[in-house]
Amino acid sequence: MGKFGPEVTASEAAFIHETALIYGKVSIGKGSSLWPYSVIRAESKEVMISEYTNIQDFAMIHIGDTTGTYIGNHCSITHHCTIHGCTIGDNCLIGINTTIMDGCVIGDNCIIAGHSFLKEGTVIPDNSIVMGTPGKVVRSQNNYVKCRTNAFLYYRNALAYSKGEHREWESDRCRDAVRDEISKLVSE
């Protein structure tokens with residue numbers, strides 16, 4: 001596993017890549033995963049990553065001057081994101097190379113498109129799709145199934161990686177599990 005400071009709790013994480021760096025008061029929830037070269041720092045305040053959330057390659061999570069960082073359950077923080085002193089609800093997908101700044105609050109079931117920039121204090125309601133610089137809501141729709149499915153795929157991948165298996169998504173067992181999970185989510 002990667003480098004940890006003494007106040008890091010991550011005992012039930014599904015997978016933490018050996019290059020992940022985690023310092024300060026950080027908690028990582030059950031079933032969550034940190035992928036290559038992800039960095040989390042909390043020199044003051046705290047960072048809380050809830051259950052079954054994935055922090056993908058090269059993502060950087062930091063606290064704000066006056067705000068901690070809180071990421072909900074079943075979220076995907078994709079490659080090269082900067083998450084800084086904000087709150088992200090449950091079942092969200094934050095697109096590649098997105099920046100979310102201090103004091104932002106993202107509701108549940110949201111998709112933030114790749115390369116978006118959310119300036120300080122932006123509030124995004126539940127079930128939004130956001131794009132642009134600065135990020136603005138371009139459509140409202142319930143993204144629950146789509147976001148949860150992406151997080152589920154990463155959970156499956158994390159379990160496989162923890163056993164040294166790197167082709168989970170190609171397997172029939174994964175395709176079957178994803179199909180079953182989508183059926184379950186749609187019926188909820």
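**Helix pair**

I started with the two helices and found helix 1 and helix 2 roughly antiparallel to each other. The model is predicted, and I kept that in mind throughout. I looked up the numbers behind the label. The axes of helix 1 (residues 144-161) and helix 2 (residues 172-187) come within 10 Å and cross at roughly 150°. The cut-off for roughly antiparallel is over 145 degrees, so the label follows. I then checked the hand of the crossing between helix 1 and helix 2, and it is right-handed.

Which residues of helix 1 meet helix 2? I listed Y144, V145, R148, T149, F152, L153 and R156 on the helix 1 side. Helix 2 brings R173, C174, A177, V178, E181, I182, L185 and V186.

**Aromatic pairs**

Next I went through the rings. How many aromatic pairs does the structure hold? I noted seven. I took F15 and W35 as one entry: the pair is tilted, with 4.9 Å centre to centre and 50° between the planes. I placed both residues along the chain. F15 sits in strand 3 (residues 15-16), and W35 sits in the loop between strand 5 (33-34) and strand 6 (39-49). They are 20 residues apart, and the pair links distant parts of the chain.

I turned to Y52 and Y155. Their ring centres are 5.0 Å apart and their planes stand at 85°, so I logged the pair as edge-to-face. Y52 lies in the loop between strand 6 and strand 7 (54-55), while Y155 is in helix 1. The pair therefore ties together parts that are 103 residues apart in sequence. Y155 has 24% relative accessibility, so Y155 counts as partly exposed.

I also traced a cluster. Ring pairs link F15, W35, Y154, Y161 and W169 into it.

**A14**

I looked at A14 next, in the loop between strand 2 (8-9) and strand 3. Its relative accessibility is 14%, so A14 counts as buried. What does A14 touch beyond residues up to four places away in sequence? I found G31, S32, Y155, A158, L159 and S162. Y155 is thus in contact with A14 and also paired with Y52. For a distance check I took E46. A14 and E46 are 32 residues apart in sequence and 21 Å apart in space, C-alpha to C-alpha.

**Backbone checks**

Most residues other than glycine have a negative phi, and most peptide bonds are trans. I searched for departures from both. A cis peptide bond joins T133 and P134, with omega about 0°. I placed P134 in the loop between strand 19 (128-131) and strand 20 (136-140).

H80 is not a glycine, yet I read a positive phi of about 65° there. N127, also not a glycine, has a positive phi of about 60°. Where are they found? H80 is in the loop between strand 10 (76-77) and strand 11 (82-84). N127 is in the loop between strand 18 (123-124) and strand 19. With a relative accessible area of 42%, H80 is partly exposed. N127 is partly exposed too, at 23%.

I followed up on the surroundings of H80. Leaving aside neighbours within four places in sequence, H80 is in contact with D57, F58, A59, N97 and T98. H80 and R41 are 39 residues apart in sequence, and I get 15 Å between them, C-alpha to C-alpha.

**C86**

My last entry is C86, in the loop between strand 11 and strand 12 (87-88). Is C86 buried or exposed? It is buried, with a relative accessible area of 1%. Not counting residues up to four places away in sequence, C86 touches G68, T69, Y70, I100, M101, G103 and C104. C86 and Y154 are 68 residues apart in sequence and 23 Å apart in space, C-alpha to C-alpha.

Terms used
Residues are numbered from 1 along each chain as its sequence is written. This is a predicted model: local features need pLDDT of at least 70, side-chain atom pairs count only at pLDDT 80 or more; totals for chains, interfaces and linings use all residues. Side-chain values use heavy atoms; hydrogens and water are left out. Axes are lines fitted to C-alpha atoms, for helices over the stretch in contact, and angles run from 0 to 180 degrees between N-to-C directions. Helices (H or I, at least four residues) and strands (E, at least two) are DSSP runs, numbered from the N terminus. Angles under 35 degrees count as roughly parallel, over 145 as roughly antiparallel, 65 to 115 as roughly perpendicular and the rest as oblique. A crossing is left-handed if the near helix is turned anticlockwise from the far one by less than a right angle, and right-handed if clockwise. Contact means heavy atoms within 4.5 Å. Rings of Phe, Tyr and Trp (its six-membered ring) pair if their centres lie within 6.5 Å; planes under 30 degrees apart count as stacked, over 60 as edge-to-face and the rest as tilted. Buried means under 20% relative accessible area, exposed over 50%, partly exposed in between (1.4 Å probe, protein chains only).
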